[in-house]
Amino acid sequence: MSKIKISMSQINTIVGSLDSNTKKIIDKITKAKKEKSNVICFPELSITGYPPEDLVLSDLFIKNNIKALNSIKKHTKNIIVIVGFIDKDINGIYNSAAILNNGKIIEIYRKTKLPNYGVFDEKRYFHSGSKVVVIQKNDIKIGISICEDIWDDYEICKLQSNYGCNLLININGSPYDIDKKQSRINHLSSVSKNCNAHLVYLNLVGGQDELIFDGSSLVFNNFGNVIYSLPSFEEKDGVVDLDLNFNEPNKALSNNLKKYNLSVKEIDFQYMYTKERSRVRHISKINEIEDVYKALILGTKDYLIKNKFNKCLVSLSGGIDSAVVTAIAAKAIGPKNIVTVNLPSRYSSDHSITDSEKLCENLGINLINLPIEDAHRSMEDSLNFIFRNTKKNVAEENLQARIRGNIIMTISNKFSLLVLSTGNKSEIATGYATLYGDMAGGFSVLKDVPKTMVYKLANYINKVNDNYTIPLNIINKPPSAELKPDQVDQDKLPEYEILDKIIELYVEKKQNIKEIMSNKILRKKISNDETLDIIQMIDRNEYKRRQSAPGVKITPLAFGKDRRYPIASELKYTYTNFIHYDK
């Protein structure tokens, strides 16, 4: 067996902040040297931050990212460093990994598989690489790849295995969703087993706009077993000592190798045996709600910090959504950095105020009470001339929400507070939210969280805090916008269990109306006409979603980058049969 010591640096980068990212990388290299590691690896595009989007269209940005790489290589004496950056030649730019050692770039690997689905649009920016990179010394052969290269048919990894690689290192910027962690484990286990190689899977951590990178870095042995892991949703370093088996090269190398250049570079290191070997850290069982909770906290915290906000503002209604948002914000930046405002109207219940007060008392947050009755009456008087002789409708109801939105954004403007809007995915999907009213804000914490999951989060928050942070009355009472007497959400919407199921099937699973109506759960609880009404609500409210604040993505398919439907369109043809009439 051959021994090698790997440092894994699961860092939280800032997109575009070349200076801070570079400093962090150099500091981690220094630490790895003290731990006598042979190799340290960093996430995908760790110098630039991921995803850099249209920043890569700036020639100056590309040049400065290469300057940053050159400053990093000066710190690579007696250690091999694998770091993500943007490379460039006369043909274009490349999502790349530089392999650095003893002050030199010994090789550059360019990502070959460019994802162009969901939140990814790498073909807009990058060219594909055409080289298989292997670095080796004696019986240690290391194959380098980047993120998407290891998915689907993992062709690059197979070619590296055919050459005899007994260690694969894959650096990543892999966003989180509730299905991703288990699917990663299943797939990567197959890769390591089928390639007969140990696998180091190193992932980015942190929030970037709507994306959350969960870290959750892993090491597999050549039998496909997880032998080491780093925690989820936190910046963390890890060191793992590996005993690598010899991997017999396949003399009849795959014909696919012909379309790639095989680059094999000799490396120079001596394994430094230490008595204190790294302890094996097994992956814990996946808890979906715990992960969602941590993702929302991290996403909120990083959005505030990376956009240089010190404090946030939440409009508390006494409802479950604003309560959960406030509890998450308190964990993200601390209760002292949160301003909460209660804006009761003539239709607000007594408990909307008392429940808000109790929540803030539990969290240690001061609550400002600003009744909107005077503003409401003044606006009604101003509109009376235009509205007279007309029947009241949602315009009068939504006026209250828009007054609140106006007040909350003015307070934000005055004191430089980031407004956290409180709408959930169920409301945003169906348009059960007021544009320029309760949709106003800078960041939408629950944007991708269905209402049924909001209740699960509330119960989880109470469970982990042992003191019922969120008052039970907030959880137990029927949800209501309180814009007219005795109003509840179910006046216009079906039960949230049914609504969320329809949204899941139509939006996330992309099922058509026939498939949705044939669902056994739905058939027993909702009519076909009601189902069609919900789908049409989802379609016609695209214009609202386009104007909503960014928010944390936690489901496999979120509104926004994941789902880009036209505003003006005949969307009925996506869920009904097309009939062509010959003239």
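1. Among contacts (heavy atoms within 4.5 Å) between residues at least 6 apart in sequence, 75% join residues at least 24 apart. This is a predicted model, in which local features need pLDDT of at least 70 and side-chain atom pairs count only at pLDDT 80 or more, while totals for chains, interfaces and linings use all residues. Residues are numbered from 1 along each chain as its sequence is written, and side-chain values use heavy atoms, with hydrogens and water left out.

2. The protein has 17 helices and 20 strands, taken as DSSP runs numbered from the N terminus (H or I of at least four residues for helices, E of at least two for strands). Of its 583 residues, 55% count as buried, that is, under 20% relative accessible area with a 1.4 Å probe and protein chains only, where over 50% is exposed and anything in between is partly exposed.

3. Isoleucine 554, leaving aside neighbours within four places in sequence, is in contact with Tyr176, Asp177, Ile178, Val292, Ala295, Leu296, Asp448, Val449 and Met453.

4. The axes of helix α13 (residues 496–508) and helix α16 (residues 528–540) come within 11 Å and cross at roughly 60°, the axes being lines fitted to C-alpha atoms over the stretch in contact, with angles from 0 to 180 degrees between N-to-C directions. The two helices are therefore oblique to each other, since angles under 35 degrees count as roughly parallel, over 145 as roughly antiparallel, 65 to 115 as roughly perpendicular and the rest as oblique. The contact is made by Leu499, Ile502, Ile503, Tyr506 and Val507 of α13, together with Thr531, Ile534, Ile535, Ile538 and Asp539 of α16.

5. Glycine 143 is found in strand β7 (residues 140–146) and counts as buried because its relative accessibility is 0%. Not counting residues up to four places away in sequence, glycine 143 touches Val133, Gln160, Cys165, Leu167, Leu168 and Ile169. Glycine 143 and valine 132, 11 residues apart in sequence, are 7.9 Å apart in space, C-alpha to C-alpha.
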